[in-house]
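Subject: Structure handover, salt bridges

Hello,

Here is the structure we talked about passing on. Please load it first, then read the notes below.

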Amino acid sequence: ASRMPRVVVVSENSIQDIHTDMGVDLDRMRLVPVGVDPDLFRPIEGIARRPGRLITTASADVALKGLAYLLEAMATLRAQGRDISLTVIGRAKPGRSMDMIERFGLAPHIEFVSGVSDERIVELYSEAEMAVVPSLYEGFSLPAIEAMCSGTPLVATDGGALPEVTGTDGETVFRCRAGDADHLAATIATALDDPVARERIGAAGRQRVVDRWTWRRCAELTVDQYREVLDMPANRDKAARNGRPRC
């Protein structure tokens, strides 16, 4: 990576991490965030939100994604008498999370969904009162912007690039500390108790994504980087030697 003339990176947080951990010069990196299709991920009229229903994405049962903290928070909230349930976009696999689900007696209250269309995932977001991203670290987080673009209020940690992506606490996201199940539970409880804030944050979150992270915008920024690289002196010289016109 340190030898490449240009590295395209999805967040400012990742740029700093790559610079620190891999020694890549800052002037060799450019920010091109990934995106979402706002015409697909959108609020769906006619689908009622299910009281107490949360949704999260867990494509792999790895500690970094923080599912264990969400399960612990869910157990705490149910012990407090809250009737909450969880949709997990991902497969149920043997491992720590499944062990926790059994230990806490959460199996009747958790649904794993996999192998469905994007349209069905959008419907699941519309059915949920809130989406949760409990990650310890994210370089960007597609699940966060997909949830926000769907108009679903988001609870997210401060891990990695998540604050950069999700915006200001109390305006476009309900934020909590990464790796803190008690704070996650308290943040979910606060959001569940404030439907006005949920509606406001859900709408503002969608607008934030539409303004910043569409696939069209991603494509435009990527083309800009292609042009910058093609216009580097070494590449201009190579094109001239090969008889190719400059772009």
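A salt bridge here means a side-chain nitrogen of Lys or Arg within 4 Å of a carboxyl oxygen of Asp or Glu. By this rule the model has 13 salt bridges.

Two notes on the source. This is a predicted model: local features need pLDDT of at least 70, side-chain atom pairs count only at pLDDT 80 or more, and totals for chains, interfaces and linings use all residues. Residues are numbered from 1 along each chain as its sequence is written, and side-chain values use heavy atoms, with hydrogens and water left out.

Start with Glu-138 and Lys-65. Their side chains form a salt bridge, N to O 3.1 Å. Glu-138 sits in the loop between strand 6 (130-133) and helix 5 (142-149), and Lys-65 in the loop between strand 3 (53-57) and helix 2 (67-79), so the pair ties together parts that are 73 residues apart in sequence. Helices (H or I, at least four residues) and strands (E, at least two) are DSSP runs, numbered from the N terminus.

Next, accessibility. Buried means under 20% relative accessible area, exposed over 50%, partly exposed in between (1.4 Å probe, protein chains only). Glu-138 is buried at 9%. Lys-65 is partly exposed at 29%.

Other pairs:
- Asp-180 and Arg-177 meet at 3.0 Å, N to O. Asp-180 is partly exposed at 21%, and so is Arg-177 at 44%.
- Asp-231 bridges to Arg-236, with the closest N and O atoms 3.7 Å apart. Asp-231 is partly exposed at 36%, as is Arg-236 at 29%.

Finally, a network of salt bridges links Arg-6, Arg-30 and Glu-228.

Best wishes
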